[in-house]
Amino acid sequence: MHVLFVHKNFPAQFGHIASYLIKNHRFRCSFVSELPPAVVDGIERIQYKTRGGATKDTHYCSRTFENCVWHTHAVYEAMKNRPDIKPDLVVGHSGFGSTLWLADLYDCPIINYFEYYYRSKGSDLDFRPDFPVKELDILRSRTRNSMILLDAQTCTRGYCPTGYQRSLFPEEYQPKLETIFDGIDTNIWYRRNVPRVVQGQVIPPDKKIVTYVSRGFESMRGFDIFMKVAKKICDARQDVVFVCIGSDRVCYGGDLNRIEENSYRDYVLKQDNYDLSRFIFTGRVEPNELAELISIGDMHIYLTVPFVLSWSMMNSLACGATVLGSATAPVQEMIKHGENGLMADFFDVDGLTEIALEVLKDPEKYRHLGEAGAKMIRDKYSLEKCLPQMLDLYQRAIAAK
């Protein structure tokens, strides 16, 4: 059985399932991406190269679709030049290397991974009234779904990582979609018994550690709210250190269009008088180091507008962290307040602070929440649970062809 994966990056969401299929079920797996040709862990990587894309003369609202078409064409050409590859199944991430034209190249089922369906109202776009949305961004939200809708129309089946993300899609496509999480590798993401050291800096035992993780420090992931909460914690207690893991990228939203500073972090830090001696900004770190940093923490704060759920929150739960999250979708799908974590309203700085201070007063009192979170990951969201679900989806799609 031969599966062809499609994503501009490698291995992205498909690395674990590809390895699982090769090692456990003797599948053949190929992967078409923008990275150079190679064979990695038994997966043949095929490169595609785009020949063009949107320019400043392309209408703002159609640039996403224009870029998607160029990627789609490049994927098609790359695979047309490999007539030796005849997959039994194509699996692709709709939005990062469309499978659309492969339906005209191969007579096999196509499964698409659908991560998000954009909406102009009741979504990430209008969640923060403190950041007014430009009219063109509201209009663009509809056309950003163009390739996603074409993929949804063309694919055999599709899946989303959370029920919330699935619920965003139009009703007529719901029967095609299932909810299957990517899966957490609990061989990496588990609670570590390691020294309280952060990049060479020893944290004394009388200090409390609060962790915050975000690929980019930005408003979509509540970095400004986190810093306000952190300042209030600093004002209330002198024994707390904040370990912030991530970078100054803005991965989502238009933060950099609203500010004069070079980074959103710089902008936020200018808004108040922060004691930066209490903060350690580590930059991006490798998974094992991140698991260790989360493990030494007394509490982890995860904030997000209603949007794609970050792997970091699930990784933190897997590491047994006491997670304080924003009461937003899809966090509410994973955390039950007082059972496996804690939550407060995204904008309620005082409420978040009050809960955080209670935890920091006696972290051991709340350790059962982290243990329950880690058990939930093992029982429902580990690779051992999710990969068989994915395989079942693949097999059903192939059988129905």
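The model is predicted, so local features need pLDDT of at least 70 and side-chain atom pairs pLDDT 80 or more, while totals for chains, interfaces and linings use all residues. Residues are numbered from 1 along each chain as its sequence is written, and side-chain values use heavy atoms, with hydrogens and water left out.

Start with the open sheet: eight strands in the order 3-4-2-1-5-6-7-8, with mixed pairing. Strands are DSSP E runs of at least two residues and helices H or I runs of at least four, numbered from the N terminus; two strands pair if DSSP finds at least two bridges between them. Select 38–40 and 177–179 next: strands 3 and 8 are the edges, each with a single partner strand, so one side of each has no neighbour in the sheet.

Now pick residues 89–93 and 110–113, strands 5 and 6, which run parallel and are joined by four bridges. Here His 93 stands opposite Tyr 113.

On to the rings: the structure holds 29 aromatic pairs (Phe, Tyr or the six-membered Trp ring, centres within 6.5 Å; planes under 30 degrees apart are stacked, over 60 edge-to-face, the rest tilted). Select Phe 127 and Phe 346, an edge-to-face pair with 5.4 Å between centres and 80° between planes. Phe 127 is partly exposed at 21% relative accessible area, whereas Phe 346 is buried at 1% (buried is under 20%, exposed over 50%, partly exposed in between; 1.4 Å probe, protein chains only).

Finish at Phe 226 and Phe 242, both buried; they belong to a cluster linked by ring pairs that includes Tyr 212 and Phe 281.
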